[in-house]
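Have the model open while you read.

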Amino acid sequence: VVMATGATVQRPYGVGFVDGTLRKPFAAGAGSVLFEIGNGTAYTPATLTFQNPQGNGTAGSIDAINLTPVPPEPFVGNRMDLNIYVPRYWHITEADGFTTGSRTVNALFGFPPAEAAPLTLANTVIRRRSIPAQVPLWQDRRTLTWNTAQATVELDPPSLKWNGLGDFFIGQKAQRIFYSRNDGPWDDPNSWSFFGHDGPPVPAGEYPNSDWGMPPEYEFETRDSVIIGNKNTITLTTLPELAYVEISSTGTLVVDNSRYLSASSLGNSAFVLRDAGNLNIKSGEGIESGMNGIIRFNDNDRLFGPAANYEFSGALNQYFGGAFPTTVNNLTINTDNNTSNVFYNQSNVTVNGIIDIFSGIFLFDNETAAGVPTNHPLTLNGDLLIATGATFTVEGNGTATRTHTLTVNADVVNNGNWIMCPVPNSPNFKAETIFSGTGSQTITGSGGTTRLYGVTLDKNDPLATVDCAVDIEISRVGGPAI
């Protein structure tokens with residue numbers, strides 16, 4: 001139906017519409033136009049409101065039609081979810097020499113209320129495919145004004161307008177799930193697949209939450225999900241905001257310095273480190289409570305498996321952090337050139353596997369800041385391994401009266417420096433060492449230094465021994481079974 005200038009469409013008693021293309025004239029300036037269009041039995045009007053801030057644009061006509069079904073998009077970017085959407089779209093284009101020019105336009109769309117029922121409105125977008133084609137071809141807007149009674153939606157605020165016409169879709173987008181497929185950096189498409197750990201790589205330029213940080217006209221209502229597994233090691237090189245992160249069994253996430261994961265600001269989020277998963281920390285920040293540290297998710301939205309593995313491997317001083325998990329499997333210290341410190345500043349951690357100090361300096365923290373625990377108990381149920389050149393000690397400053405506790409329930413192999421009192425025989429800056437493993441234990445090694453302050457044997461077996469095959473300096477020995 002082609003409308004001439006001055007012609008109008010009447011809808012007696014609020015019924016009737018054009019089921020097809022309705023063409024209406026429009027001038028060169030600002031103003032509004034209503035398209036009384038529908039599809040089948042559904043009335044689906046569209047109202048366009050133009051602003052003309054720069055006096056640019058030409059007069060002509062505008063065509064509008066409502067169409068079904070919604071066509072599938074290529075599976076790239078943050079695509080629409082074809083399971084949660086308004087099952088129609090509006091095709092609105094220029095005609096008769098009309099050009100939008102520098103004008104911007106708000107579009108108010110109406111549709112049957114029942115079609116809005118599947119939508120979570122807070123997570124719903126209007127998506128526009130520009131016609132004529134612009135760069136970018138697709139634009140999404142999440143900040144919307146809804147009238148659920150009349151089932152209408154438009155941009156909010158209305159001043160945040162589209163910069164052209166095209167195809168308009170309403171719905172939620174598909175939740176992208178990225179599966180690790182190779183070792184590599186976070187922002188490398190070859191590191192990820194949409195189709196499982198053995199699938200093909202994602203398209204060029206894609207990686208988890210690659211849209212983050214773009215201007216408002218690129219808004220996306222959902223954040224990506226990530227699953228790292230299949231013996232893959234992924235190095236975090238960006239600052240993503242994510243809906244879900246899982247480091248599954250045999251998967252490894254390496255967190256570079258000054259990098260961290262953030263929870264989605266647009267809905268629920270979760271971080272999960274599964275048993276046998278691996279977290280390698282190179283950052284100067286540790287695992288802190290809330291929106292701090294390297295895992296910036298709410299405390300209740302984080303799950304650390306008790307059999308997960310942790311490694312500190314930065315080229316700077318590092319800290320466990322106040323929310324480091326209390327039960328872990330293996331703990332590895334592997335920092336740069338035996339010069340960087342890893343400060344143990346937790347209240348109580350149990351390591352059920354081994355502590356392997358391969359490189360660097362692992363030390364009990366004597367920090368005196370408010371909120372830091374007074375002492376730092378550490379329980380080790382597996383072996384303690386200290387490599388040549390590496391050190392396990394107590395920080396030699398801070399509060400001298402603090403007494404840390406190391407409980408060792410297995411064997412010690414010291415080829416480096418195991419020094420639980422930096423000043424020989426001094427009660428300052430010390431850690432008590434308790435041997436309480438079932439059966440006999442051994443202390444072995446080659447070429448290392450072993451200096452302990454207080455040693456307690458609490459083995460509940462008068463026949464059990466702690467056999468030393470190295471030179472050892474001890475200030476005090478005690479316990480119920482010496």
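This is a predicted model: local features need pLDDT of at least 70, side-chain atom pairs count only at pLDDT 80 or more; totals for chains, interfaces and linings use all residues.

1. Residues are numbered from 1 along each chain as its sequence is written, and side-chain values use heavy atoms, with hydrogens and water left out.

2. The cavity. Searching the whole structure turns up one cavity of 30 Å³ or more (a set of points on a 1 Å grid over the protein atoms alone where a 1.4 Å probe fits but cannot get out; lining residues have an atom within 4 Å of a point). Val70, Met80, Leu82, Tyr85, Val86, Arg88, Phe169 and Ile170 line the largest cavity. By class, that lining splits into seven nonpolar, no polar and one charged. Strand 7 (80–95) and strand 13 (166–173) each give two or more residues to the lining, and strand 7 has the largest share, with five residues. Strands here are DSSP runs (E, at least two residues), numbered from the N terminus.

3. The cores. What sits in the largest nonpolar core? It has 62 residues, and those with the most contacts inside it are Trp186, Phe362, Phe392 and Trp418. Such a core is a set of buried Ala, Val, Leu, Ile, Met, Phe, Trp, Tyr and Cys residues joined through side-chain atoms within 4.5 Å; buried means under 20% relative accessible area, exposed over 50%, partly exposed in between (1.4 Å probe, protein chains only). Strand 43 (residues 449–457) gives the most to this core, three residues. A second, separate core has 31 residues, including Phe26, Ala46, Val105 and Val153.

4. Aromatics. There are 26 aromatic pairs in the whole structure (ring centres of Phe, Tyr and Trp, the last by its six-membered ring, within 6.5 Å; planes under 30 degrees apart are stacked, over 60 edge-to-face, the rest tilted). Phe362 and Phe392 are stacked, because their ring centres are 4.9 Å apart and their planes are at 15°. Since Phe362 lies in strand 34 (residues 361–364) and Phe392 in strand 37 (residues 391–394), the pair ties together parts 30 residues apart in sequence. Phe362 is buried at 0% relative accessibility, and Phe392 is buried at 1%. Both belong to a cluster of linked ring pairs, with Tyr310 and Phe312 also among its members.

5. Most residues other than glycine have a negative phi, and most peptide bonds are trans. Worth a look, then: a cis bond joins Thr68 and Pro69, with omega about -5°, and Pro69 lies in the loop between strand 6 (60–67) and strand 7. Another cis bond joins Ile131 and Pro132, again with omega about -5°. Ala151 has a positive phi of about 55° and is buried at 1% relative accessibility.

6. Cysteines. How many disulfides are there? The count is zero, with a disulfide taken as a pair of cysteine sulfur atoms within 2.5 Å. For Cys421, the nearest cysteine sulfur is that of Cys468, 15 Å away.

Definitions and conventions: On a 1 Å grid over the protein atoms alone, a cavity is a set of points where a 1.4 Å probe fits but cannot get out, and a pocket is an open set with protein on both sides within 12 Å along at least five of seven lines; lining residues have an atom within 4 Å of a point. Grid points are joined across faces, edges and corners, and a volume is the space filled by probe spheres set on the points. Helices (H or I, at least four residues) and strands (E, at least two) are DSSP runs, numbered from the N terminus. Ala, Val, Leu, Ile, Met, Phe, Trp, Tyr, Cys and Pro count as nonpolar, Asp, Glu, Lys and Arg as charged, and the others, Gly among them, as polar.
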